[in-house]
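I opened the model to look up its salt bridges. My notes follow.

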Amino acid sequence: MISGEAFAKGEAGELVAGMVIRFGPGVHHLDERAFRGADGDSLPADITVIGAGMDATLLALGDISIDSVVERLAFRNMTLDCENNGLFDLRNESMLLDLERVRIVRFDAGHGGCKIFGVTRGSVLRARDCQIVGGYGRSPGNGDIFRRGPVIARFENCHFELVDDWPRLKNSRIHYKGCTFALLRKNPADYPVDGELYENCSFSDPLGSPAAEARMNKKLSDLFWQFEGK
């Protein structure tokens with residue numbers, strides 16, 4: 001296990017397969033290029049990034065762009081700030097990702113790159129006890145979860161809030177179990193597409209008008225007083 005603070009500063013040595021990176025409480029910034037291994041392009045397999053808690057650790061990390069398969073990357077116990085971008089931008093490769101007790105914010109900036117899981121060639125994803133919350137970006141609610149299918153995903157006990165364009169994917173299998181949906185235009189469970197399963201999910205506070213998102217702007221500094229940014 002290595003220090004996240006040292007890793008972010010480039011003081012932790014080369015990123016290798018199986019590495020565990022731990023960030024303490026506070027606000028941290030990590031250049032996405034730090035995830036590239038010795039060849040400068042690929043991400044080593046089985047990397048785990050751990051924080052001190054969803055309400056304790058904020059990791060600013062957006063637009064992860066690497067030219068290799070993302071193989072068993074995991075995030076735990078933190079809030080991820082997409083910095084008004086998507087979290088991933090993988091144009092040529094696939095991804096296997098595991099999230100647990102992670103909140104994702106500032107993915108809704110209203111431009112074409114606002115795809116949290118912007119993967120072109122297929123994603124396998126498990127998310128447990130996570131939150132995907134719009135309103136913190138430059139264009140509240142105007143961000144997407146996926147770029148395209150195929151996607152195999154399981155969301156368990158997750159919360160989705162203020163995501164304007166709910167994913168309608170082909171050739172995918174997505175299971176939502178015990179999830180909650182708030183501030184969406186419609187309850188996605190009322191009009192599932194082939195491959196979607198909603199089990200014991202709930203829906204609340206539907207948006208009342210097309211302009212409603214603009215009134216839902218939130219400040220990241222309300223979650224993390226240390227945060228300074230645009």
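I looked up the salt bridges and found that the structure holds 16; the term covers a side-chain nitrogen of Lys or Arg within 4 Å of a carboxyl oxygen of Asp or Glu. I note that this is a predicted model, where local features need pLDDT of at least 70, side-chain atom pairs count only at pLDDT 80 or more, and totals for chains, interfaces and linings use all residues. Residues are numbered from 1 along each chain as its sequence is written, and side-chain values use heavy atoms, with hydrogens and water left out.

I checked Asp55 and Arg103, whose side chains form a salt bridge at 2.7 Å, N to O. Asp55 sits in the loop between strands S4 (48–50) and S5 (57–60) and Arg103 in strand S8 (residues 95–105), so the pair ties together parts 48 residues apart in sequence. Strands here are DSSP runs (E, at least two residues), numbered from the N terminus. Asp55 is exposed at 58% relative accessible area, whereas Arg103 is buried at 6%. I used these cut-offs: buried is under 20% relative accessible area, exposed over 50%, partly exposed in between (1.4 Å probe, protein chains only).

Next I looked at Glu100 and Arg126, which meet in a salt bridge at 3.3 Å, N to O. Glu100 belongs to strand S8 and Arg126 to strand S10 (residues 123–128), 26 residues apart. Glu100 is buried at 14%, and Arg126 is partly exposed at 26%. I also found both in a network of salt bridges with Arg76, Asp98 and Arg101.

Last, I noted the salt bridge between Asp144 and Lys115, with the closest N and O atoms 2.8 Å apart. Asp144 is buried at 14% relative accessible area, and Lys115 is buried at 18%.

Note on methods: Helices (H or I, at least four residues) and strands (E, at least two) are DSSP runs, numbered from the N terminus.
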